[in-house]
Amino acid sequence: MGGMIIRKNTAELERMRRSGLLVWQILQDLAKMVQEGVNTQELEAAAEKMMKDAGAKPAFKGYYTQAAGSKYPYVLCTSVNDEIVHGMPSGKRKLKKGDIVSIDTGVQLNGYFGDSALTVPVGEISEETEKLLRITKEALELAIDKVRSGNRLFDICGTVQKHVEDNGFSIVREMVGHGIGTELHEEPQVPNYVDRRNENPRLREGMVLAIEPMVNAGGPDMQTRADKWTAVTKDGKYSAHFEHTVAVTSNGPWVLTRP
Ligand code: MF3
Ligand code: CO
């Protein structure tokens, strides 16, 4: 059984909008910094400063997960190439031409969270990798269009899955999107595939979902590195990740994490 899905009123959504726009601005600035020779710790430092300047609390730094058995130590997840999610910023991780880097971040502002991610190419990347980024982003956009009152959760899950698999890529199963609000992770879980054993609640005005397809160029299998956080593909092939925080409104989907 899934738990209760918390619906937000207009005033609450306006607050979430502020968090969302800050996350968007941070990701825009970081994406512009990405180039050959930059290390992921430089992205981390820039992001931490932007959050501080905005009076926002990082959503990830200090976040405990049972799976890792520790608190996450950074404001960003920077996942390079075969790293799927939860890659940790490092001064030793210099980006080079042909790499892709997923930047995932969240903030808490006035009590409410925003969460978003994008995957950025470093210089020129292969045609196959370009397609991986494009299909993952398209899958998210198609899913966003399903965030409408009266639709069901599986409309989102199935839309991502179909677009990804029709294009020859695979969906990571172990990691899912989530409801979001006064907590970073609320009900419901938002898988990027349909599993009929899961619950399929109807979407209602005021629900807010972080939809985050994680898509592998090769097989779907994932493993976790010795650091207990970094999720990588088993076959070493590249993985892409895009995420937006999206509200159900009477006017359809409201993407809180972009203008
Ligand atoms: N966007 C990811 C999520 O929603 C990032 C979480 S990283 C963590 O799960 F450190 F906060 F766990
Ligand atoms: Co998320």
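# A tour of the ligand site and its surroundings

Start by selecting ligand 1: the space it takes is the largest pocket. Here a pocket is, on a 1 Å grid over the protein atoms alone, an open set of points where a 1.4 Å probe fits, with protein on both sides within 12 Å along at least five of seven lines, and lining residues have an atom within 4 Å of a point. A molecule sits in one if more than half of its atoms lie within 2 Å of its grid points. Before going on, note that this is a predicted model, in which local features need pLDDT of at least 70, side-chain atom pairs count only at pLDDT 80 or more, and totals for chains, interfaces and linings use all residues. Residues are numbered from 1 along each chain as its sequence is written, chains are lettered from A and ligands numbered from 1 in the order in which they are written, and side-chain values use heavy atoms, with hydrogens and water left out.

**Stop 1: around the ligand**

Show the residues near ligand 1 (a heavy atom within 4 Å). There are 14 of them, and Tyr72, Asp104, Asp115, His178 and His185 are the closest. By class, six are nonpolar, four polar and four charged; Ala, Val, Leu, Ile, Met, Phe, Trp, Tyr, Cys and Pro count as nonpolar, Asp, Glu, Lys and Arg as charged, and the others, Gly among them, as polar.

Now look at the pairs of N or O atoms within 3.5 Å. A polar side-chain atom of Asp104 is 2.7 Å from a nitrogen atom of the ligand. On Glu243, a side-chain N or O atom lies 3.2 Å from a ligand nitrogen, while His178 places one 2.8 Å from a ligand oxygen. Ligand 1 taken alone exposes 330 Å², and the protein buries 95% of that (Shrake-Rupley method, 1.4 Å probe).

**Stop 2: the largest pocket**

Of its 31 lining residues, Thr65, His86, Met175, Val176 and His185 lie nearest the centre. Strand 2 (64-65), strand 9 (177-179) and strand 10 (186-190) each give two or more residues to this lining; strands are DSSP runs of E, at least two residues, and helices runs of H or I, at least four, numbered from the N terminus. The largest share, four residues, comes from strand 10.

**Stop 3: the second largest pocket**

Keep strand 10 selected: with three residues, this strand also gives the most to the lining of the second largest pocket. That pocket holds about 310 Å³. Gly2, Glu187, Pro188, Gln189 and Glu199 are the closest to its centre among 15 lining residues. Helix 4 (153-166) is another element giving two or more residues.

**Stop 4: two backbone details**

Zoom in on Pro188, in strand 10. The peptide bond from Glu187 to Pro188 is cis, with omega near 0 degrees. Finally, select Asn81, in the loop between strand 4 (76-80) and strand 5 (83-85). Its phi is positive, near 55 degrees.

Key
Polar contact = N/O pair within 3.5 Å; in protein donor to acceptor, adjacent residues only side chain to side chain. Points joined across faces, edges and corners; volume = space filled by probe spheres on them.
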